[in-house]
Every structure is written in C-alpha cells, then in structure tokens.
Amino acid sequence: MSAPPLLEATALTKHFPLRRGILGRQAGLVRAVDSISFTIDAGRTLGLVGESGCGKTTTSRLILHVATPTSGSIRFEGAPLVELDRDGLRRYRRSVQAVFQDPYASLDPRMRVGAIVGEPLVINERPETAVLRKRVLELLELVGLPARAAELFPHEFSGGQRQRIAIARALALSPKLVVLDEPVSALDVSIRAQILNLLRGLQRRLGVSFLFIAHDLAAVAHMSDTIAVMYLGKIVELGAAADVALRPKHPYTQALFSAALPLDPGARREEIILSGEIPSPLDPPPGCRFHTRCPLVMERCRRDEPPLAPEAGRLVACHLYPGSAT
C-alpha cells in the first residue's frame with residue numbers, strides 16, 4: 001500500500017466578502033480560490049502558475065494556515081488540518097515553512113543574520129547558546145554562505161545572498177514542505193539560476209517538498225515535477241511538468257507557455273496573443289471562466305463549466321476534449 005501524499009488539498013475554496021457603505025453591508029464575494037484539488041508528494045515539487053490575481057498567493061496562504069478555507073479540506077500526512085489540536089497545529093506550522101518574493105522586505109534590517117536564521121529555533125526549541133550557534137553555522141553553510149555572515153546585517157548582502165539567508169531561516173526547523181512564493185522574481189536574471197539550482201540541490205539532500213509559485217514559466221518547468229495552471233480561482237490543467245510545459249492542452253496553458261522562453265530550443269511554435277482582460281473574481285463569467293478570452297470558444301463554453309477531467313495523461317478543464325462531457 002502506497003504512502004499518502006505529504007499534502008492533499010480537496011475542493012479548497014476561499015471567498016472574501018466584499019463590504020460597502022458605512023454599515024459594511026456585504027455587496028458580494030471575491031472568489032479568490034474556487035474548489036481546487038491537488039497533492040504534493042514527499043520530496044517532490046508542485047509548480048503553481050497563472051496570471052496575477054488567479055489565486056496563487058491565496059492558495060499559499062491557505063497551505064501556510066494563515067488564512068482559513070471557506071470550504072474544502074487540507075490533509076497533511078493523512079491528517080485533516082481541521083481536526084488538529086493546538087499541539088498538532090504547532091507541529092504543522094513547524095513542518096510547513098515559506099520563502100517569500102522580496103528578500104529585501106522579508107529580513108529584519110535591525111537583526112544580524114545569525115539572529116535571523118536562528119530565530120525560529122529560539123522561538124520553538126530554546127536551545128543553549130552553543131547549540132544554537134552550531135546549528136546557525138550549519139544552515140549558513142547549507143545555503144552557501146560563510147560563517148562570518150552570521151555577524152553581519154542584511155543590508156551588507158546582495159539580493160541573491162539575502163534570499164539564501166531567507167532559505168536558511170526557512171530550513172531551520174527541518175520542515176517537510178516549503179512554500180516558495182515567487183522566490184526569484186525580485187532577483188537579477190543572472191542570480192536566478194543560482195538560487196533555483198540551490199533549491200534543487202537542497203531538495204535532493206534533505207528530501208523536502210516544495211510548492212513553487214512563480215510567473216517565470218521556464219523556472220517553474222525547471223523546478224517542478226507537476227504543474228498546476230490556475231485561471232480566475234480554478235485549476236484548468238494539472239499534470240507532469242514536461243507534459244504541461246511542452247505539450248499543453250488547455251487553450252490558456254497554450255497561450256501562457258507560447259509567450260515564455262522556449263524550453264526546447266529546437267521547437268517551433270507560434271505565440272498566442274490573448275484578447276481582453278481577466279474578468280473580476282467578484283463576478284466571474286458563467287460556464288468556462290476562460291471563455292471571454294479563448295480563441296477556440298464554443299457556445300457550450302459560455303453556458304457549461306467544464307470539469308477537470310483526464311486527457312492525454314493529465315487533467316484538463318476544457319470542452320475541447322471528450323473527458324469534459326457531462
């Protein structure tokens with residue numbers, strides 16, 4: 001019998017009430033995340049892609065347990081989060097850490113690097129001074145920084161070095177899952193590959209899992225085992241990274257990857273230009289949410305929402321394929 005996924009999200013939903021007026025009356029719901037399901041296996045990476053406002057960051061906040069789902073469930077190592085007691089939630093938060101987009105904003109400029117990296121240990125384990133320092137130096141070495149970095153302040157480092165510090169801090173409690181929310185988008189292009197290769201090396205060495213959220217599709221394809229493509233709060237395609245990146249099926253996925261740097265230099269492809277703007281999550285269109293911009297739209301797309309169904313070895317939510325028939 002195979003082990004359960006490290007993390008499993010089922011019909012995960014997050015709606016935010018929109019309030020207006022002096023009395024704050026509810027004027028609608030922002031459907032940020034709308035019934036999405038996915039799994040992350042131990043030691044593997046799920047890449048989450050989509051345009052701004054599609055729900056990626058809200059999804060990460062739900063996984064980090066800093067936001068509560070409107071409905072749906074999250075299971076970690078087979079246990080539903082909603083059933084965890086106070087100690088169980090504390091263990092979960094230790095097991096799931098994050099690295100954020102901006103290394104300039106995520107590090108306290110008044111703290112020395114050693115204190116920044118060691119802070120999670122001080123809060124959670126309160127080790128003796130000698131033990132703490134030894135662990136901090138091990139973490140700095142793990143991310144390629146010298147021991148003397150512990151005595152310096154964040155402003156004395158480059159952007160790539162600061163992100164290494166943030167990664168070291170995220171690994172302090174030996175997490176099983178790290179949420180990487182746009183971890184290289186604020187860095188120079190020349191530095192991005194170094195950080196991505198560092199993360200892959202850490203995954204091989206430590207067996208940690210990643211939820212990798214990024215706009216950089218080439219980076220996602222390079223980092224991920226599985227890719228989930230989101231549009232307006234929904235997952236529209238989910239499958240093995242190579243299949244989704246090189247042979248996309250959903251028209252939205254095709255448009256996304258046609259505009260990215262080519263993953264296969266020998267491949268010929270035509271860039272797909274999408275018309276119109278992303279509709280508001282406050283009032284998503286009926287039927288398929290992508291139909292207002294889809295170059296292959298059919299009449300039923302305006303009326304019927306396609307289910308996420310098997311197609312060519314992955315899941316696709318599109319009426320172009322037989323699996324979407326209801």
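## R162 and its surroundings

Leaving out residues up to four places away in sequence, R162 touches P103, Y104, L107, P154, H155 and F157. Touching, or contact, means heavy atoms within 4.5 Å. The model is predicted: local features need pLDDT of at least 70, side-chain atom pairs count only at pLDDT 80 or more, and totals for chains, interfaces and linings use all residues. Residues are numbered from 1 along each chain as its sequence is written, and side-chain values use heavy atoms, with hydrogens and water left out.

R162 sits in helix α5. Helices are DSSP runs of H or I with at least four residues, strands are runs of E with at least two, and both are numbered from the N terminus. R162 counts as buried, at 12% relative accessibility. Buried means under 20% relative accessible area, exposed means over 50%, and partly exposed lies in between (1.4 Å probe, protein chains only). A polar atom of the R162 side chain lies 3.2 Å from the backbone oxygen of P154. A polar contact is a pair of N or O atoms within 3.5 Å; within protein, one must be able to donate a hydrogen and the other to accept it, and residues adjacent in sequence count only if both atoms are side-chain atoms. R162 and A105 are 57 residues apart in sequence, and their C-alpha atoms are 10.0 Å apart in space.

## The whole chain

The protein chain has nine helices and 12 strands. Its radius of gyration is 21 Å, close to the 20 Å that the globule rule gives for 326 residues, so the chain is as compact as a globular protein of that length. The radius is taken over C-alpha atoms, and the rule is 2.2 Å times the number of residues to the power 0.38. Along its principal axes, the C-alpha trace spans about 70 × 55 × 50 Å.

Buried residues make up 47% of the 326 residues. Take the contacts between residues at least 6 apart in sequence: 64% of them join residues at least 24 apart. The chain exposes about 16,300 Å², and carbon and sulfur atoms supply 52% of that area. The side chains include 40 positive and 33 negative ones, and the centres of the two sets lie 3 Å apart. Lys and Arg count as positive, Asp and Glu as negative; His and the chain ends are not counted.

## Helix α3

Helix α3 covers residues 113-124. Its buried residues are V113, G114, I116, V117, G118, P120 and L121. They pack against α4 (129-142) and α5 (159-171). Just after α3, R126 takes a positive phi of about 50°.

## Two buried strand residues

S209 lies in strand β8, which runs over residues 209-213. S209 is buried, with a relative accessible area of 0%. A polar atom of its side chain lies 2.8 Å from the backbone nitrogen of G43. Beyond its neighbours within four places in sequence, S209 is in contact with residues including L6, I40, D41, K176 and Q203.

M230 belongs to strand β9 (residues 226-231). M230 also counts as buried, at 0% relative accessibility. M230 and G55 are 175 residues apart in sequence, yet 7.2 Å apart in space, C-alpha to C-alpha. Neighbours within four places aside, the contacts of M230 include I36, L48, C54, G55, T59 and Y252.

## Loop residues

Most residues other than glycine have a negative phi. H65 is not a glycine and has a positive phi of about 65°. H65 lies in the loop between α1 (56-63) and β4 (71-76). H65 is partly exposed, with a relative accessible area of 22%. E182 is not a glycine either, and has a positive phi of about 50°. Its place is the loop between β7 (177-181) and α6 (189-206). E182 counts as buried, at 7% relative accessibility.

L81 is found in the loop between β5 (79-80) and α2 (86-95). L81 is buried, with a relative accessible area of 7%. Neighbours within four places in sequence aside, L81 is in contact with H65, I74, F76, L89 and Y92. L81 and Y92 are 11 residues apart along the chain, and their C-alpha atoms are separated by 8.4 Å.

Conventions
Areas by Shrake-Rupley, 256 points an atom, 1.4 Å probe, with all protein chains shown as cover. Charge placed at Lys NZ, Arg CZ, Asp CG, Glu CD.
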